[in-house]
Structure formats: structure tokens, C-alpha cells
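Let's take a walk through this structure together. Have a look at the picture first, and then we'll go through it piece by piece.

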Amino acid sequence: MDKEFSTSRNFILTGVIWVIIGGIAGLIAAIEMAAPDFLGGIAVLEFGRIRAVHVNVMFFLWVSSIWFGAFSYIVPKLCGVPLHSERLGNISMILWNVVGILAALTLPAGLTQGREYAEMIWPIDILVVIVLLMNLYNIVRTVLARKEKKLYVSIWYTTAALVLMPMVYSIGNVIWDPGSLSGFPIGPSGSLDGIRDSIWNWFYGHNVLGLWFTMGGVAMVYYFVPLIIRSPLYSHTLSLIGFWSLIFFYTMVGHHHLLETPTPGYLKTIAVIGSMGLFVPVFTFLGNIWMTMRGNWGKIYESLPLKFLIVGTVFYFVTCVQGPFQSIQGFNRLVHFTWWITGHAHLAMLGTMSFWAMGGLYYMVPVIMKRRIWSPALGEAQFWLVTLGFLIMMLTLQIGGLIQGGAWLEGQTVYAALPSMKPYAIGRAMSGALLFFGFCLQLYNIYKTMRVGQPISGSNAVAAAEIPT
Amino acid sequence: MATIVENITKGMSEAVDGLKRRRFVLRMDYPTIFFGTITVFLGVVFVVVAMPALTFHVDPSPDARPLTAQEEHGRSIYASNGCWYCHSQYIRPQDWTGVKSFETLGRVAQAGDFAYQKTMLLGSERTGPDLSQEAGAHSDDWHIAHFQNPRYTSMKSIMPEFKFFAPDELNDTIAYVQSLGGKPGVARAQKQREVKSALLAIRAQGEPTRTLQIESMYNPTWANVTNPMPPSPRSLTHGKYIFVTNCIGCHGVLGDGKGPSAQYLQPQPFNFTTAQQQSILSDGQMYHAILLGQEGTAMPAWGDFLTVNDIWDLTNFLRTIPGSSLTSDPTYEMWQATEATVAKNPQNPAKNPFQTEFGKVNEGSYYNGNDIGPGLGGSTINPNNNTAPGATDINKGDYPANNGASPNNPPQNQSTPKP
């Protein structure tokens, strides 16, 4: 339990298992969209319940687990000291998996807060915040004990993510008020009264992405990309601008989910301006990474982790161009409420964050376990399955969403426009199967690496991470 | 003058030199990162979260009403099952929500509508229809059938089945859905219930009264409206397609009002298979009933989903159902299931394709009107006649005769249900 990098290793391994569970839930939900009588009448597998399982497991038990794992790997490496307490880290890892198990049991049972991305009921919320604070403490103590004086940009992002997420999560869940919606199977839930509640909900709904997932992902890319290509970061000034503008602008944008609700106009204006302002942190980050890659682009063919990370930055680019445009009133009228938004959400969480998570874990696993990846070719197959599956999913959802939105603007009712969505629902379910298969390959590959991967001596560990494909 | 310009130029160049000397440096030491992050975040949070929470208090709108205990319970079931992932609960200025909003005029949501609610269920997607004005748009019975299997009433729906609801859960959920829309919504739902009991009372007295009653429900001018669409093969084929893809959940594939949802509905769905029944409604009244629905019954306003053309073609088609008054017209062909259709439904031991478990039957048979419509799509066409049915013109009288099926001699593989 006190072994070096055991926290990181255990978080990554559990994340690799959880993504399978989240994938099964997502696949069931996608099939139910295309064939509504499939598994019909089984309460725990009903779409509205299984969707919550899919979203929460993918957010918190897959991507977030890799994030925790990456934080407790990157920060000690950059600080030149071991993690402050591997024991504390491992306890937080166990608690985090308790969160996952509780979520996977309560959500299908209908215990939910009825808040998007914050479905987990109040007792689980408390656990989530405890785990976040444990990791914050661990990381801060590690940084304070550092031998390396200079603070690399990844440490800024890691610290900021762990500082901000407990606050974002508490506000979004109205965590001090566990009293409402306590009828039927629904559990204790925090909320405000009146439409103010949705303002808080969507403040959280967007900042869990911006201030947690983006922060953590950017920290990983800033760390791994220069390391793999053995080239210094292009500009520290750009990363500085990107860091502060990310916190400033992202905190504003939550209300762009509510542009056509009866809520105060100034919030909508701030949200649209903030969404436009996001171009600053996004392009400073992407410019920085892509300029760092100058002369080394060919290396994405030589290194599997780099391939995942760089393809992730491309999808990040697409996400962050779509996002601000979606927040403009004119375009929002077309795409709001449609499957376009579902496609966009997958672009962010699957195309970007999951790709970065996969890139990070394929680097960290060999180094931590001191074993070569069992089958780089299988990793390559996984890359193409996931890429292909993701692209089909995004395209079917977003094309379908435009058709849906166009039909509504034309004056069709929702029900009348539904049959034209069917082909896209089928395509989406198919893409989900590809993705699921890809993640199964990942689990198998990591398992075999752990068991029978070719051992390497410590000095060669970093070289081993640059998996030839 | 020259001195002034000189001085200004000098001053400016000095200022630029000064800026050049002072390099812009932000030292990123750890306290700066830690507390700077918190400061920037809390500054923005104050503006976008704290201020609205402190200042944005809205009085209840005139329509807003607190939910009853039963409705609150229904609301928690609604939240529990994630209904809000697909059903939004606010109408935007640009939304056209269909004919059912005749009474609500597509009422755009106001902040005060939500005054009595805790935990917003506004929704972020609209895979299903917006429900903010749903109360009274459908009858309670419609909801019972619809929750059992949404395809029973709405064949294109992709909503999950909720047959796992316990009876009280079902009732409470329906009570909640019938409260969406505030005070006017509750009034609409109440009117549905009142008309329903009035209709049932009248029907209990026998058919003649019922006829009178139905006639009196429509504006008299509708009774004299005739169908402007000639009953051409195109019109009948299209009407059949509309019927098969929208109506058979309640009215049955035979048009006898015995679709799978009929068991949940009172009054029973309209039976098109007898002349006596068909004569109750003129073409105009039938059009009216389809366009705007029939209050007090499960018949919704199909004007939400069908065009004028669709409804007139459907009205034409409904007159071709066997036993209806107009089938004595030799230019029409009878509504009859083909052997092929019957054979297509292996799950049905009785070889009657229309009484099987609805949701489980070969879906193709529902969407392929050619298999189960009357005549036009090749049901009982004389095999010796090679003319493609769609190519004939029934108005010229060269449409192939059917195999002896007539009002007096109904097809043998079909039972004639009692109205």
C-alpha cells in the first residue's frame, strides 16, 4: 500500500475496469434508443436510469480515476519527491471505488438527485468531496516538499483542478441542503427552489467539464507530450495566459445551457461572452502543444501514447470550436435540445478526455509496472476501434441533431420528426459497440501486461513507455 | 507649435522606453497558484452564482400552482426514472408545439411558473415532446395505455415501457403529468374527465342517443363538409399508410376499435366496421375528430402530426373498411388481411395477426401498409389480372374486383366484431 506509485497504478487499473461497466450501460441505452422494446419493462435497465449510470461511471469512475492516477504520478515526478502519502492516496482510491459501487447500485434503483451530471445522491456527494479533499491535501503536501524549485505548468493545472472541483461540486449539488425531492425511491438531494436552481445546476454542469476534466487533461498533455518527443515546451508565457484565462472564462459559461429559459439576461450575456473568451485558453494551449510538436509530428507513428494524446488535441480543437458557436443565440436556436448536443458532449468526454486518458495510461502503466505493454499491436487496434467508433458516433448524432433541429424550426412537432432520427439512433448504437470492443481490448491488454508483460529495468522504464506500434 | 509636437513625441518615446524596461512578469509561486485560483474563481462565482441566487426571486405566475402530495409523489417518480432526460419542461419563444396548444397558444415559459418547484426538471434534450403544457392534452386512459407500452398509442415513439409501475405509481405519475401546465392545465385535465363521464353515461343509454350526442359535439357546419379529396388509388393508398402507421394501436388493424390499447380505454375506440357506426360521422366530422381529437376519449389531436392532405386521405380510406356504409360502392375494395400477412405472424396461434401482443409482432407488418390494407396493395386482387393495382383508376371502373368480399359476404378469415 505504501509502494511508490501504487496510488497511481491502482486508480488506473480500477478506471480501466470501470470503463467497461460504463460502456455496457451506454451500449444498453443506445440500443434502447434504436429499439425501444429491447429489454422493455425491466425497471433497473430503463433508459432514464441506465443513462445516469453511463454518464456518472464514465465521468467519475473512468476519466476521473485516470485523472487521480495521473495526478499522483505527474506531481511526484515533477517535484522530484515521492507522493506525500501513498497510503492516503490508496485509501482515497478505495473510497472512490466505493463511490462507484454505490452509484452503480443506487442509480438503477431510481435513487437520483434529478440533476444532470450530479445524479448521485447526497451521501455519495459527501464521499466524492472527501476523496477530492484527500487528494488535494496529498498533492499540496507533495508540492510543498518538492526538491525541484520550478513549478511546471502541469502542477498549476493539477492543483487548480483539485482546488476548484470540491467547490464546483458542492455548489452544483447544493450540498448543504440534503432535504428535497425525497418521495418515492428518489434519495436525498440538494437543490434550491424556483428556477434559480437550474442556474446552479448548469453552473456545475459546465464547470465539472471545464474546471475538472479540462484542467486535469491539459495537465497530462502538458506533461506527457514534451516528455515523449523530448523537446521543451514551446512557450511558458502562453501556458500562463491559458491557465488564468481558463479559470476566468470557464467559470462564466454555465448559463449558456439556459439561453432560452426565463432567467436573467445578464447571465446569458456573461455566458456568451465567456464562451467566446474560451478561445483564449483553448488556442493558447493548442498552439503551445502543436508548436512544441514542430519537427516531431512523425513521432505519433512511433509512440502509441503520443498518438492518443495528439489525436485527443485534434478532437479538443473541434470541441472548442463547436462550443462557443453553440452558445451564440442564432445557432443555439437550431441545436439546443437536439442530439447535436449529445454528439458534442461525446466529443468532449470521449473524443478528448478519454483519448487523453488512454494516452496517459499507456504511458504510465509500463513505467509504473516496469513491464512492456503486452501487445502494442492490440493497443493500435484499440486506437482505431475507438477512433472509428467515436467518429461514427459523433457524426451520426450531430447529423441527426441538425435534421431534428431543422425539422423543429420548420414547424414539425417533436413526435412527427422522430422517425427521421431512427437511422441515426441505429448508427449510434453500432458505433457504441465498436467503442465497447475497443475498451475491452484495453482491459485485456493491461491485464496481460500486468501478468506477463516483458519486465524492464528501472532505467529503461521511460523508454519503454514510448510503445512502438 | 513645433516645440509642442517635439515635446509630445519625446514624451511618448520616453513612455515606450519605460514600458520596455519594465518587463511584464507574473511569478507563479505556489501560493499565487493556490490562492490566485480561488480568488479568480470566487470572483466570477459571485457574479454568476451568488448574485442570481440572492436577487432573482420571482413571484408565482398567475398559472403557477403548488402540487398536491400525490402529484409531488408523481414528480419524484418522474425524476427517478430520468423522464427529464428526454422531455423538456419549458416552451421557448420559437417553439411550435402543435395543435394541442390551441388552448395554451404555445404559452412560452415564465420564470414564475416554477415558483413552487424545488429541484428544476427543465431538461436538456427534447427527444420526446415538451411536457410543460401537457396536462389535458391526453386523457388519463391514454396515459395508462401509453405507459404500458408507448407504441400502443404512439407507434413511432421510442419511449421506454413503464409496465413495471405499481398501480399507485402509475396513478401518481399520471396525476403529475396531468398537472403540468399549472392552473389552466389542471382545468383542461379536469374537463377531459368530465366529458368522459358524460360520454359514458350517454353511451350507457344506447346507440341512438350516442349518435345524437356525437353530432351535437361538433359545430353543425362540420357536418356538411364533404371530402374534397377524390377517393383515388393514390388517396386510398396514402390513407391506408397513415392508418397503419398511426391508428391501429387503438383502432386495431381491422379498424374494429380493438387495438392493443383498447383494453385500457373508456370510452372504447371508434369501430369503423359497421355501416351504423360509420354513419354517425360525416366526412367533415371525421376530419374534425382526427384534426383536433375527441375530448373525453383517448383520441388525441392528430393535427399535431398529420397534414390536411393526410387527414382527408385517411378519411377516404376509413370508408373502405368492410361493413362500413360506403363499401357497397363497387368502386371500393374491401379492407381485408391477406393470407401472406397472416402467415407473416407466426407468433399468433389463431392465425389472426391482429390480436397478438402488439409490441412483439413483426414490425414490418405495421409499417408496410401494402400487406394489410384493403385491396389497393394486393390483398385480394384477382391473380389473373396482371394490372398493377396502383396503376388503375377506380374512378374509371377498371379496378380489379375483389374476391367476392362484400358487405353481405364478409371475408371468411376475418371475424366481424360487434360494435
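## Chain B at a glance

Buried residues make up 55% of the 419 residues in chain B, where buried means under 20% relative accessible area with a 1.4 Å probe, counting protein chains only. This is a predicted model, so local features need pLDDT of at least 70 and side-chain atom pairs count only at pLDDT 80 or more, while totals for chains, interfaces and linings use all residues; side-chain values use heavy atoms, leaving out hydrogens and water. Residues are numbered from 1 along each chain as its sequence is written, and chains are lettered from A and ligands numbered from 1 in the order in which they are written.

Chain B has 17 helices and 0 strands; these are DSSP runs, numbered from the N terminus, with helices being H or I of at least four residues and strands E of at least two. Of the contacts in chain B with a separation of 6 or more, 70% come from residues 24 or more positions apart. Contact here means heavy atoms within 4.5 Å.

Helix 3 and helix 6 of chain B pack at an angle of about 100°, with their axes 7 Å apart. That makes the pair roughly perpendicular, the word for angles of 65 to 115 degrees. Here are the two partners:

| Helix of chain B | Residues | Among its contact residues |
|---|---|---|
| Helix 3 | 69-80 | Gln70(B), His73(B), Tyr78(B) |
| Helix 6 | 167-177 | Asp168(B), Asn171(B), Tyr176(B) |

The residues of this contact divide into 4 nonpolar, 5 polar and 5 charged.

## The cores

How many residues does the largest nonpolar core have? It has 189, and Phe60(A), Trp62(A) and Phe213(A) are among those with the most contacts inside it. A nonpolar core is a set of buried Ala, Val, Leu, Ile, Met, Phe, Trp, Tyr and Cys residues joined through side-chain atoms within 4.5 Å. Helix 2 (residues 47-79) of chain A gives the most to this core, with 22 residues. Apart from this core lies another, of 25 residues, including Met155(B) and Trp312(B).

## A glutamate in a loop

Is Glu260(A) buried or exposed? Glu260(A) is buried, with a relative accessible area of 10%. Its place is in the loop between helix 7 (236-250) and helix 8 (265-277) of chain A. Leaving aside neighbours within four places in sequence, Glu260(A) is in contact with residues including Arg333(A), His336(A), Tyr90(B) and Arg92(B).

Terms used:
Axes fitted to C-alpha atoms, helices over the stretch in contact; angles between N-to-C directions. Parallel < 35°, antiparallel > 145°, perpendicular 65-115°, else oblique. Nonpolar A, V, L, I, M, F, W, Y, C, P; charged D, E, K, R; others polar. Buried < 20%, exposed > 50% of the residue type's maximum accessible area, 1.4 Å probe, protein only.
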